[in-house]
Amino acid sequence: MKGLYCRAAEGEAEPKFVIQETTLPDVLGSHQVRVKVKACGLSPLDFKLIEEVGIQRELLPVGREVAGVVLQVGPKVTFFQPEDEVVGVLPLDSPCSGLCEVVDIDEYFLVQKPEKLSSACVAGALRDGVCAYTALHTHARMAAGHTLLVMDGASPFGLMCIQLACYHGVKVLTTSHSPQKQAFLEQLRPSVARVIPVHNGSSDLLSVVLEETGGLGVDIVVDSEVRLHGGEEEEEEKLLPHKHDIISVLGVGGHWVTSHKNLQLDPPDCRLLYLKSASLSFLNPEVWTASSAQQGRYLHILRDIVEKMSAGVLRPQTEEAVPLYEATVAMETVQRHPRKKAVVQL
């Protein structure tokens, strides 16, 4: 059978994605489940992280968010049986590509898929759901009555954060990166309290937030990248908030959850955080599968996400699924533009 793999590039060259023949072992591990894949979500590869956790392979498997049907279970598997519909995320060190027709995965990385939820929908949105849940529940301890600012709320991750927060009775403010995204966010139901445009060159984020919060600032800020310095940037970077702006909009005891991997805070930034008694968390969703320390909590998160998607609480804007023969081109696009999503239907 065939799977999609990546040959890491040297230096500045772009990585090369190739369809490769692969086989599975004849015997399943004690706690492994063999799954026939129906759909697989594509997410960008973080080569630096892969190197830092000690994974060294000539060909790295691509596609980790999978949905499918159980074909066979290992002798000690207790959660599943053949014919069960399942969904899960392959761990970072998995030798299997999620685009293989059949994959072997440990039972502790899978949950049951509700019947009325489509495989393509859940495979395309699962990663963003895990990120949103981790940011708001695990890091920020979101509660009813809090005020949340989501940067770029029309992104797949931002939309998940908005819907999850609204469900829990949180007042939501968000930013929009274009007039089209502004219109989309203003039509959301349940509605957000305010959509703040940042695409027209205005930088009145602080004044709008203070106006909406009675001068107190927000309890939680979730970003999807930040600008570290002012000056000349590419057009896309100009839409990102500056780190000082984010700290400024935080209220006393507020919490900032960042996706910026190389965030640098200067002494004045740290001083402002200290004066507000505010805190900062880094969002790295890979920790759930990289460590088994909180496996039970991770499975609870996965179950809650698929149940909320099935109930219509979380309504992701999924891309149209592409066939396997277009997977290479789709993955190249996702790798170049990390905020884009792609789903492959098998």
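Helices (H or I, at least four residues) and strands (E, at least two) are DSSP runs, numbered from the N terminus. The expected span of a helix is 1.5 Å times one less than its number of residues. This is a predicted model: local features need pLDDT of at least 70, side-chain atom pairs count only at pLDDT 80 or more, and totals for chains, interfaces and linings use all residues. Residues are numbered from 1 along each chain as its sequence is written, and side-chain values use heavy atoms, without hydrogens or water.

**View A. Helix H10, residues 295–311**. H10 has 17 residues and reaches 24 Å from first to last C-alpha, close to the 24 Å expected at 1.5 Å a residue. Its buried residues (under 20% relative accessible area; exposed is over 50%, partly exposed in between; 1.4 Å probe, protein chains only) include Tyr 298, Leu 302 and Met 309. Gly 312 follows H10, with a positive phi near 85°.

**View B. The open sheet S2-S1-S4**. Its three strands pair antiparallel; pairing takes at least two DSSP bridges between two strands. S2 (16–21) and S4 (60–61) are the edges, each with a single partner strand, so one side of each lacks a neighbour in the sheet. Tyr 5 stands opposite Pro 61 in S4.

**View C. The salt bridge of Asp 104 and Arg 34**. The side chains meet at 2.7 Å, N to O; a salt bridge is a side-chain nitrogen of Lys or Arg within 4 Å of a carboxyl oxygen of Asp or Glu. Asp 104 lies in strand S7 and Arg 34 in strand S3, so the pair ties together parts 70 residues apart in sequence. Asp 104 is buried, at 8% relative accessible area. Arg 34 is buried too, at 12%.
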